[in-house]
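Visitor: I have a new model open and I'd like to learn how to read it. Could you walk me through it?

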Amino acid sequence: MARIVTQALLEALRTTFSTAFTKGNTEAKIIGEFMSTPIPSTTSVNTYGFLGDLPIFRKWVGEKRLKELVEKVYQLINEDYEATLPVRKKQIEDDQIGLYPALFEGWGKEGKQWMDRLRFLALAQGHLRPCFDGQNFFDTDHPTYQDGPNAPATWSNSNEAGQGEAWFLLDCSQPLKPLISQERKKPFFWWIADLMDSECAKTGIFTAYGEARGVVGYTMPFLAYRSTATLNAANYIAARDAMKAFTDDTGEPRSIRPTHLVVGISNHQKAKDVFKANLAGGESNTLASDSLTIVEADRLP
């Protein structure tokens, strides 16, 4: 015998589905927060007037010297995201909704991991998407603004010599992280469960939907390094030391030290091998003392 679909029943189901969504949202595992600075957004576009460089302290002799600051404008446009799930009236009548709480729980999990997915996508596409200096975030020819005949014209935070899957070194010890997570609207759940709804009258479907708005972008490229070379001790050392050698526009060291090695599934074992305590011959591995966190990202190959 079919159940009678009443407004009270629909409200009870709304509570059940909403509780399942919240459960999935609460229990979802997030692993990428460490690499982004969260920035709230109250409009469609955020504009970041990054400074090309900051003045350093120097010995005060005579009048103070004002360093001209190079301002670069970088904009991030919030993008719209949505998810829709139909719940058919006849399924409620026939009491065939047993799987829906699990579906909404999974939906809640996906909603919580939405920004994480954008973070790892931004990292993976950093060699294709520009940052504040007009170059791709990972690039071999970022411009430098140093003066003098011996000043380098460009600098690199990317090793594109290899053909392997990319791996990344990040310095997340700085107040500003390598990525920006810009959130305009948090993911939310709603179910149009109204017996008087005209769409339900026409289609026999109560529509559940979710929406979110936001985007992930980049801060300073010297906080990160990308390499497609084989992940081994020699190539790790080369990338690490390249980051350590980064200087500002006065030639002063930036004191960059990678804190995280981010790898995909194919490079995870190689990453662990680089830092294992003992080498193949039994001798101690000096890299084992590097204070580095290995992050395996399932969203990366």
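Guide: We'll go through the sheet, the helices and the cores in turn. Keep in mind that this is a predicted model.

Visitor: Let's begin with the open sheet of four strands: what is its order?

Guide: As a general idea, strands of a sheet pair through backbone hydrogen bonds, either parallel or antiparallel. Here the order is E1-E9-E10-E4, and the pairing is mixed. Strand E1 (36-40) and strand E4 (79-88) sit at the edges, each pairing on one side only. On average, neighbouring strands are turned by 30° against each other, ignoring direction.

Visitor: In which sense do E4 and strand E10 pair?

Guide: Antiparallel, over 10 bridges, with E10 covering residues 205-218. To find one of the partners, look at leucine 85: its bridge partner in E10 is alanine 208.

Visitor: Which strands does H3 lie across?

Guide: H3 lies across E1, E4, E9 and E10, and runs at about 20° to E10. Helix H1 (residues 7-27) lies across E9 and E10, at about 155° to E9.

Visitor: How far apart should the ends of H3 be?

Guide: Count 1.5 Å a residue: the 25 residues of H3 (100-124) should span 36 Å, and the end C-alpha atoms are 34 Å apart, so the two agree. H3 does bend, by about 45° at glutamine 113.

Visitor: And how many residues does the largest nonpolar core have?

Guide: In soluble globular proteins, nonpolar side chains tend to be buried together. Here the largest core has 48 residues, and Phe168 and Val262 are among those with the most contacts inside it. H3 gives the most to this core, with six residues. Apart from it lies another core of 19 residues, including Leu9 and Trp107.

Technical notes. Residues are numbered from 1 along each chain as its sequence is written. This is a predicted model: local features need pLDDT of at least 70, side-chain atom pairs count only at pLDDT 80 or more; totals for chains, interfaces and linings use all residues. Side-chain values use heavy atoms; hydrogens and water are left out. Helices (H or I, at least four residues) and strands (E, at least two) are DSSP runs, numbered from the N terminus. The expected span of a helix is 1.5 Å times one less than its number of residues. The bend at a residue is the angle between axes fitted to the seven residues ending there and the seven starting there. A nonpolar core is a set of buried Ala, Val, Leu, Ile, Met, Phe, Trp, Tyr and Cys residues joined through side-chain atoms within 4.5 Å. Buried means under 20% relative accessible area, exposed over 50%, partly exposed in between (1.4 Å probe, protein chains only). Two strands pair if DSSP finds at least two bridges between them. Axes are lines fitted to C-alpha atoms, for helices over the stretch in contact, and angles run from 0 to 180 degrees between N-to-C directions. Contact means heavy atoms within 4.5 Å.
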